[in-house]
Amino acid sequence: MTIGDTVTIDRDGLDRLVVVLQENGYRVIGPTMRDNAIILDELDTPAALPAGWGVHTEPGRYRVYRRADQAVFAHSAGPGSWKQFLHPPHRLIARLDADLNLEAAGDGPTPATGPSSQPPSSQPPQPDRPAAFLGVRGCDMAAIRILERVLGGDAYPDSAFAARCAGLFIVAANCTEPGGVCFCASMGTGPGVAAGYDLALTERIDDSGHRFLVEVGSAAGERILAELRSRPATQAEIADARAEVAAAAGRMGRSMPDADLRAVVRESRESPQWEDVASRCLTCGNCTMVCPTCFCTTTEDVTDLTGDHAERWERWASCFELDFSHVHGGSVRQSGESRYRQWLSHKLGTWYDQFGSSGCVGCGRCIAWCPAAIDLTAEMGRLVELREEADDGHR
């Protein structure tokens, strides 16, 4: 068995894969059902996988339902993404103890009091075990690679992000049942997964039973797969799986307009469409919170009641927050119109200038979890129409 080979495992083999990864020292993180949503979390047991659950999605709506079969990966993106494990929404940066600092300043030894027993300035511990992501879709594979460029690349990589990525094992899942707000095919990120995985699964349920075709993508994947019971996949099985993934591209619930999106957003700065969106947008920031590539953060300092112990925390921030663009004299982007324009213009336009790709992977989360049911594919479609109408008027 070598890289590029494809084998088949049965349903019990998937459960065994979870156990083997755990036995090899990985924290296995995958989909599970909780609070009427399929979320991502650490799996204590294979039984936590969402077998038999699917989802209905549309703008502003996400609902789980019971399927007629026991498919494990026949659901589209939920509210969480893999970003939360590589770039946590809230993390401790440092602890500071005033008493110990006084000692360091030469004021004599003073016993530490209060809740902190940390050194004067301490960094929180890094993860003690590498993570294994189970069920990563094509859109989210693309999002992980984008985060690696944004946070792990260039001259000043985020060391905490790099530590979380160290030893990461990815079990990807080709998508055969896209959701109502998915548009990864038009963004070139799915429904099949691209390179970068250790193992890639394609789930199949038919008269021959419940099984998974497994493609080997790395030497680490070879080692894990060697501990599972498998058989070589037949050419007919491989062709069937590829055909199903290809067919899923034609069943997307949405699509991005076939246009030069960078040019559209650049030339639409004064478009009346921004005001129309602003009349509906709540500037709640849900879209940035569920987006698998939004990466902005801010820091907050907190102290206990004595003022002797302090902590510095990093948390996700959103360009929809009024204070996000605050400089001396006030916020630059005070209107909802300007904040939505900033988000969409960065995501689909200036992201190329900074990082060499779009910041959107077509997962559809921002559409499903927008309380105002704003659909960025529809908004971009309208911007394209208005641009074409303006061009026609100048002829």
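Mentor: The buried residues of helix H8 are Glu-237, Ile-238, Ala-241, Val-245 and Ala-248. Seen down the axis of H8, they fall within an arc of 100 degrees, so they line one face of the helix. The arc is taken from the directions that lead from the helix axis to the C-beta atoms. This is a predicted model: local features need pLDDT of at least 70, side-chain atom pairs count only at pLDDT 80 or more, and totals for chains, interfaces and linings use all residues. Residues are numbered from 1 along each chain as its sequence is written, and side-chain values use heavy atoms, leaving out hydrogens and water.

Trainee: Why is Ser-76 called buried?
Mentor: Buried means under 20% relative accessible area, exposed over 50%, and partly exposed in between (1.4 Å probe, protein chains only). Ser-76 has a relative accessible area of 10%, so Ser-76 is buried.

Trainee: Which residues does Ser-76 touch?
Mentor: Not counting residues up to four places away in sequence, Ser-76 touches Val-55, Thr-57, Gly-179 and Cys-182. Contact means heavy atoms within 4.5 Å.

Trainee: What makes H8 a helix of the expected span?
Mentor: Helices (H or I, at least four residues) and strands (E, at least two) are DSSP runs, numbered from the N terminus. The expected span is 1.5 Å times one less than the number of residues. H8 has 14 residues and reaches 20 Å from its first C-alpha to its last, close to the 20 Å expected.

Trainee: How many bridges join strand S8 to S9?
Mentor: Two strands pair if DSSP finds at least two bridges between them. S8 and S9 run parallel and are joined by 4 bridges.
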